[in-house]
Amino acid sequence: MAVMIMAVLLAIVLGLNAILVSQIKTIRNMGYSVIAFYAAETGIERELYENHAVGTNYSDYLDLNGNGVQDTDDSSYNISVFDGASCPGTDYCIKSTGIFQGTRRAIQVAR
């Protein structure tokens, strides 16, 4: 009888453990998503400030550690300035993709 009770308790604990581990991963990825979104927003703001020509593509990173070197903890963004049929704007469009820990978020702005 004691072995049966221990087996049931073990099954319950292992089941709860599996649920909690997956929830922790989900919450961590939501945090990564926010950082990736803000990296993409930083790319849009930089492009609006620098105002590159149509056809420009470039990448940069956000130095989150403040040491002047790109680390694995840093986020990055890719910028593309384009016009034409795929751009609903009157002048041009800017697409920025933020990347952090394998999570990508993109923003597109039309001008």
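Reader: How many of the eight residues of S3 are buried?
Author: Helices (H or I, at least four residues) and strands (E, at least two) are DSSP runs, numbered from the N terminus. Buried means under 20% relative accessible area, exposed means over 50%, and partly exposed is in between (1.4 Å probe, protein chains only). S3 is mostly covered, and the count of its buried residues is seven.

Reader: In what order do the elements of the protein run from the N terminus on?
Author: This is a predicted model, in which local features need pLDDT of at least 70, side-chain atom pairs count only at pLDDT 80 or more, and totals for chains, interfaces and linings use all residues. Residues are numbered from 1 along each chain as its sequence is written, while side-chain values use heavy atoms, with hydrogens and water left out. The protein has one helix and four strands. Read from the N terminus, the order is α-β-β-β-β.

Reader: Over how many bridges do strand S2 and S3 pair?
Author: Two strands pair if DSSP finds at least two bridges between them. S2 covers residues 75-82 and pairs with S3 in the antiparallel sense. In this pairing Ser80 stands opposite Lys95 in S3. The number of bridges between S2 and S3 is seven.

Reader: Which residue in S4 stands opposite Lys95?
Author: S3 and strand S4 (residues 103-110) run antiparallel and are joined by eight bridges. They form a hairpin with two residues between them, and Gln101 in the turn has a positive phi of about 50°. Opposite Lys95, S4 places Gln108.

Reader: Is Thr97 buried or exposed?
Author: Thr97 lies in strand S3. Contact means heavy atoms within 4.5 Å, and Thr97 touches residues including Ala40, Tyr77 and Arg105, with residues up to four places away in sequence not counted. Because its relative accessibility is 16%, Thr97 counts as buried.

Reader: What is the relative accessibility of Ser75?
Author: Ser75 lies in strand S2. Leaving out residues up to four places away in sequence, Ser75 touches Ile35, Ala39, Tyr61, Leu62, Leu64, Ile99 and Phe100. Ser75 counts as buried because its relative accessibility is 0%.

Reader: How many aromatic pairs does a search of the whole structure find?
Author: A pair of aromatic rings is described by the distance of the centres and the angle of the planes. Rings of Phe, Tyr and Trp (its six-membered ring) pair if their centres lie within 6.5 Å; planes under 30 degrees apart count as stacked, over 60 as edge-to-face and the rest as tilted. The number of aromatic pairs found in the whole structure is two.

Reader: What is the angle between the planes of Tyr32 and Phe100?
Author: Tyr32 and Phe100 form an aromatic pair, 5.3 Å centre to centre. The pair is edge-to-face, with its planes at 80°.

Reader: How many residues apart are Tyr32 and Phe100?
Author: Tyr32 is in helix H1 (residues 2-50) and Phe100 is in strand S3 (residues 93-100). The pair links distant parts of the chain, and the separation is 68 residues.

Reader: Which is the relative accessible area of Phe100?
Author: Tyr32 is partly exposed because its relative accessible area is 21%. Phe100, in contrast, is buried because its relative accessible area is 8%.

Reader: What is the centre to centre distance of Phe37 and Tyr38?
Author: Phe37 and Tyr38 form an aromatic pair that is edge-to-face, with 70° between the planes. Their centres are separated by 5.6 Å.

Reader: How many residues make up the largest nonpolar core?
Author: A nonpolar core is a set of buried Ala, Val, Leu, Ile, Met, Phe, Trp, Tyr and Cys residues joined through side-chain atoms within 4.5 Å. Among the members of the largest one are Ile44, Tyr58, Ile79 and Ile94. H1, strand S1 (57-62) and S2 each supply at least two residues of this core. In all, the residues of the core number 11.

Reader: What radius of gyration does the protein have?
Author: The radius of gyration is taken over C-alpha atoms, and the globule rule is 2.2 Å times the number of residues to the power 0.38. The C-alpha atoms fill a box of roughly 75 × 40 × 15 Å along the principal axes. A compact globule of 111 residues would have a radius of gyration near 13 Å, but the protein has 22 Å.
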